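Here's a quick tour to go with the structure on your screen. Keep the viewer open and click through the residues as they come up.

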Amino acid sequence: MDSTLAKGLAALEWMTRQQRDCRVTDLALAFGMARSNAHRTLQTLVECGWAVQDPGTSAYRPSLKLFELGALVGEAADVGALLRPHLAALAHTTGETIHLAVLDGAEIVYLDKFDSPLPVAAYSRVGGRAAAYCVASGKALLAAASLDTNALRQRLGTLVAHTKNSITDFDALSLELARTRTRGHAENREEWRLGVCGLGVPVFDARGNAVAAVGMSVPSIRFARTQARMLAGHITACARDASATLGYRVSMNVNVNASATAAASAPAGTSATPSKRRRLE
């Protein structure tokens, strides 16, 4: 590794995350280096166009070159392609149907999907839509948006019952989204299709925006409390790693339940597997 380059990149990242002008002394203290080395590093960043120095205060800040290149990278990046390896790993670990979804108005749209190989599998399709308030990935994204009840009304319109378990009251939905933020993952217990449950966790980009959600569809026969807790650990870890891939470096916006996290290391169960494969709509 080129230590000089690594030091310069680390200094640039640190300065960017401060969100304020920084002085030579600030960098020296942050990295435990001599002031002369800190000054030389900052001057090199200025000469290369990555930082600017205020002539009045002598303080430094990142240049707009970072924003320019970041915008180009963002335009070129295919979120689905970047996150697909994480989805594949989650599908392999759990054996359940895994999908990536985005929020579009009052609905979610499935961008990618890995089918379960188990005899009983939950069904969804790429390009398909579902009511956001009825499925776990949609509830995860609504929870991340932190909308109040009035904003939820404006976004979702009338809450139509798709099953007897669907939430059709906005106050009840607000409470459910608050619980989702507290536990760190969303749950769907046969609210969109009878016989199908699910889990969802938001994926954040470098700016801290929830840009997608990792979802897991599970037949209700495999969604007992212990199994659901174990699967929640797996999907939470997947969303955390997916967020890191998109540049999210701050601690997750969601709180991970300690028992769910510990459960992520346990093997997925494969109980209740009838001899004939059938799909649950």
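Cys-134 is buried, because its relative accessibility of 0% falls under the 20% cut-off. Cys-48 sits at 44%, so that cysteine counts as partly exposed. If you're wondering about disulfides, a search through the whole structure turns up 0. Bear in mind that this is a predicted model.

**The sheet**

- The open sheet has 6 strands, and reading across it the order is S6-S4-S3-S9-S8-S7, with antiparallel pairing.
- Helix H9 (residues 225–245) lies across S7, strand S8 (196–204) and strand S9 (210–219). The angle between H9 and S8 is about 25 degrees.

**Strand S4 and its partners**

- Strand S3 (residues 97–104) and strand S4 (residues 107–114) run antiparallel, and 7 bridges hold the pair together.
- How much of S4 is buried? The strand is mostly covered, with 6 of its 8 residues buried.
- Lys-113 belongs to strand S4. At 13% relative accessibility, this lysine counts as buried, since the cut-off is under 20%.
- The Lys-113 side chain makes a polar contact with the side chain of Asp-115, at 2.7 Å.

**The nonpolar cores**

- The largest nonpolar core has 27 residues. The members that touch the most others are Leu-90, Ile-98, Leu-199, Val-203, Val-214, Met-216 and Ile-235.
- Where does this core come from? Helix H5 (79–94), S3, S4, S8, S9 and H9 each put in at least two residues.
- H9 gives the largest share of this core, 8 residues.
- There's another core apart from that one, with 19 residues, and Cys-134 is among them, along with Ala-132, Leu-142 and Ala-143.
- Val-203 is a handy place to look around in the largest core, as one of the residues there that touch the most other members. Leaving aside neighbours within four places in sequence, the contacts of Val-203 include Leu-83, Ala-210, Val-211, Val-214, Ala-239, Ala-242 and Leu-246. Asn-209 and Ser-243 are also among the contacts of Val-203.

- Val-79 lies in helix H5. With a relative accessible area of 29%, Val-79 is partly exposed, because that value falls between the 20% and 50% cut-offs.
- How far apart are Val-79 and Thr-245? In sequence they're 166 residues apart, while in space their C-alpha atoms are 9.5 Å apart.

**Positive phi outside glycine**

- Gln-19 isn't a glycine, but has a positive phi of about 55 degrees. You'll find Gln-19 in the loop between helix H1 (3–18) and helix H2 (24–31).
- Is Gln-19 buried or exposed? Its relative accessibility is 75%, so Gln-19 counts as exposed.
- Ser-146 is another non-glycine residue with a positive phi, near 50 degrees. Look for Ser-146 in the loop between helix H6 (136–145) and helix H7 (149–156).
- Ser-146 comes in at 48% relative accessibility, so this serine counts as partly exposed.

Technical notes. Residues numbered from 1 in each chain as written. Predicted model: local features only at pLDDT ≥ 70, side-chain atom pairs only at ≥ 80, totals over all residues. Heavy atoms only, no water. Pairing = 2+ DSSP bridges. Helix = DSSP H or I, 4+ residues; strand = E, 2+ residues; numbered from the N terminus. Contact = heavy atoms within 4.5 Å. Axes fitted to C-alpha atoms, helices over the stretch in contact; angles between N-to-C directions. Buried < 20%, exposed > 50% of the residue type's maximum accessible area, 1.4 Å probe, protein only. Disulfide = S-S within 2.5 Å. Core = buried A, V, L, I, M, F, W, Y, C linked by side-chain atoms within 4.5 Å. Polar contact = N/O pair within 3.5 Å; in protein donor to acceptor, adjacent residues only side chain to side chain.
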